[in-house]
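Reader: I would like to go through this chain with you, beginning with a side chain and its partners. Could you take my questions as they come?

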Amino acid sequence: QVQLVESGGGLVQAGGSLRLSCLASGRTSSVYRMGWFRQAPGKEREFVASLVWSTENPNYADSAKGRFTISRDNAKNTVFLQMNSLKPEDTAVYYCAAKVDRVKPYDYWGQGTQVTVSS
């Protein structure tokens with residue numbers, strides 16, 4: 001089992017920045033990839049960014065490219081999502097997720113952290 005706890009959400013004005021953190025615990029040695037997803041009210045959950053834990057090779061949704069950066073601190077078992085130039089449409093609950101298999105869906109999810117961007 002892997003446990004994930006997000007933090008760092010909050011209220012920010014458009015154009016501002018936030019950094020989300022996701023602390024992983026438990027069988028972290030089994031994790032292959034970690035990602036960030038978000039869900040806005042009335043919308044489906046969508047992919048934001050992810051990275052391969054061992055290589056830090058990232059990938060991003062088009063909406064995140066150029067504004068968001070995913071990174072990790074191996075020693076602290078933590079994944080970060082640095083979000084710059086935030087827009088009101090970035091308002092959502094942001095979830096951290098982890099998967100142990102290269103192909104299968106994500107296995108573990110955090111409880112989410114609210115990000116609200118005011119115009």
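Reader: Which backbone nitrogen does the side chain of Glu6 reach at 2.8 Å?
Author: That of Cys96. The model is a predicted one, and in it the side chain of Glu6 also reaches the backbone nitrogen of Gly112, at 2.9 Å.

Reader: Where is Glu6 placed?
Author: Glu6 is in strand E1, which covers residues 2-7.

Reader: What is the nearest side chain of opposite charge to Glu6, and how far away is it?
Author: That side chain is Arg45, 8.5 Å away. Glu6 is buried and has no salt bridge. A salt bridge requires the nitrogen and the carboxyl oxygen to be within 4 Å.

Reader: What else is Glu6 in contact with, leaving aside its neighbours within four places in sequence?
Author: Its contacts include Ser21, Cys22, Trp36, Tyr94 and Tyr95, as well as Gln111 and Thr113. Cys96 and Gly112 are also among them.

Reader: Turning to disulfides, how many are there?
Author: The count is 1 disulfide. It joins Cys22 to Cys96, with an S to S distance of 2.0 Å. Cys22 lies in strand E3 (residues 18-26) and Cys96 in strand E9 (residues 92-99), so the pair links distant parts of the chain, 74 residues apart.

Reader: Is that disulfide left-handed or right-handed, and why?
Author: The disulfide is left-handed, because the torsion about the S-S bond of Cys22 and Cys96 is about -80°.

Reader: Are Cys22 and Cys96 buried or exposed?
Author: Cys22 is buried, at a relative accessible area of 0%. Cys96 is likewise counted as buried, at 0%.

Reader: And Gly35, which strand is it in?
Author: Gly35 belongs to strand E4, residues 33-39. It has a relative accessible area of 0% and is therefore buried. Beyond its neighbours within four places in sequence, Gly35 is in contact with Ala49, Ser50, Tyr95, Cys96, Ala97 and Tyr106.

Reader: What separates the C-alpha atoms of Gly35 and Val79?
Author: A distance of 8.4 Å, although the two residues are 44 residues apart along the chain.

Reader: On to charges. How many salt bridges are counted?
Author: There are 5 salt bridges. Arg38 takes part in one with Glu46, where the closest N and O atoms are 2.6 Å apart. Arg38 also forms one with Asp90, at 2.9 Å. This second pair links distant parts of the chain, as Asp90 is in the loop between strands E8 (78-83) and E9 while Arg38 is in strand E4, 52 residues apart.

Reader: Which residues are linked in a network of salt bridges?
Author: Arg38, Glu46, Arg67 and Asp90. Of these, Arg38 is buried at 7% relative accessible area and Asp90 is buried at 1%, whereas Glu46 is partly exposed at 34%.

Reader: What about Lys65, which residue does it pair with?
Author: Lys65 forms a salt bridge with Asp62, the closest N and O atoms being 3.2 Å apart. Lys65 is exposed at 52%, and Asp62 is exposed at 65%.

Reader: Finally, the overall fold: how many helices and strands?
Author: The chain has 0 helices and 11 strands. Its C-alpha trace spans about 40 × 25 × 25 Å along the principal axes. Buried residues make up 45% of the chain.

Definitions and conventions: Residues are numbered from 1 along each chain as its sequence is written. This is a predicted model: local features need pLDDT of at least 70, side-chain atom pairs count only at pLDDT 80 or more; totals for chains, interfaces and linings use all residues. Side-chain values use heavy atoms; hydrogens and water are left out. Helices (H or I, at least four residues) and strands (E, at least two) are DSSP runs, numbered from the N terminus. Buried means under 20% relative accessible area, exposed over 50%, partly exposed in between (1.4 Å probe, protein chains only). Lys and Arg count as positive and Asp and Glu as negative; His and the chain ends are not counted. A polar contact is a pair of N or O atoms within 3.5 Å; within protein, one must be able to donate a hydrogen and the other to accept it, and residues adjacent in sequence count only if both atoms are side-chain atoms. Contact means heavy atoms within 4.5 Å. A disulfide is a pair of cysteine sulfur atoms within 2.5 Å.
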